[in-house]
Amino acid sequence: MHVIRNRDLEGKLQWAVAAATLTAVGMWALHLHGGGNGSIDSHTPIILDGGYRGQLWRKPNSTISTKLIISSPFAQCELHEVQHPTKPGVTLSNWMWFDEGDHVNIIVHGQDQRRRPPSWIVFRQSKYAFRSGKAAVAPVGGYINEGETAAVAARREVLEELGLECRQWHAFGEFRTAANRGGGFCHPFVAKQCAPSTKVAVSDDLEGQDRTYLSDAELRARLMDGSFQEIKWTATVALALLLP
């Protein structure tokens, strides 16, 4: 038996906390160091645990300058000065920007270790950012580790979270999470013909997850009634249902 260790032992929980709180912390830092008047000329950046380790967004012929507000290993808040898209010579200042790691979402169809008939395998779980206290329906998902492609990360996440390997994959591409604020890129996938693997992935996911099995009709119903709650999860499922 070949055992695969999860390489981001603490990362998933920390990513979730960073994503949920960075906006508030960034605004707090701006107020604290700028006296609440929008000026950050004397601001000293806050660096947590060595700072952000992912890629930074700098758009050619658009990003003029950047000023770091706060940085953690999992996300970073900056103020950008950018060229106005339609007015040459006009710049936009104090554009709040958030860099976060690129990530994958995978909606999985197959048969797992419980030997149920092949179906869509999803999770019921809660998230800090949801308005309601009820659990959402969620696909498999996670961050792309350093040195991984999106496809490699997707296969790793399915193996770690479900213990499955899949024969049929469809990648939908790369999508910006928040068009004006960043948030990294999401890579949605659909994986089919999935079955238990002979490999065992040791998952250390600290979030409570209950496996749920849905038919095509049930998946469509959960999509339409808003059960997925998060827009990236919703988009991943909608794209999968558009496939023939």
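Begin by selecting helix H2, in which Ala 150, Ala 153, Ala 154, Arg 156, Glu 157, Val 158, Leu 159, Glu 160, Glu 161 and Leu 162 are buried. Bear in mind throughout that this is a predicted model. Because 10 of the 13 residues of H2 are buried, the helix is largely enclosed by the rest of the structure.

Next, select strand S11, residues 175–178, together with strand S12, residues 182–196; the two run antiparallel and are joined by 3 bridges. To see how the chain passes from S11 to S12, look at the hairpin that joins them through 3 residues. Within this pair, pick Phe 175 and look across to S12, where Cys 186 stands opposite.

Finally, move to Ser 62, which is found in the loop between strand S2 (46–47) and strand S3 (63–71). Is Ser 62 buried or exposed? Its relative accessibility is 18%, and since buried means under 20%, Ser 62 counts as buried. Displaying its surroundings, and leaving aside neighbours within four places in sequence, you will find Ser 62 in contact with Glu 81, Val 82 and Gln 83.

How values were computed
Residues numbered from 1 in each chain as written. Predicted model: local features only at pLDDT ≥ 70, side-chain atom pairs only at ≥ 80, totals over all residues. Heavy atoms only, no water. Pairing = 2+ DSSP bridges. Helix = DSSP H or I, 4+ residues; strand = E, 2+ residues; numbered from the N terminus. Buried < 20%, exposed > 50% of the residue type's maximum accessible area, 1.4 Å probe, protein only. Contact = heavy atoms within 4.5 Å.
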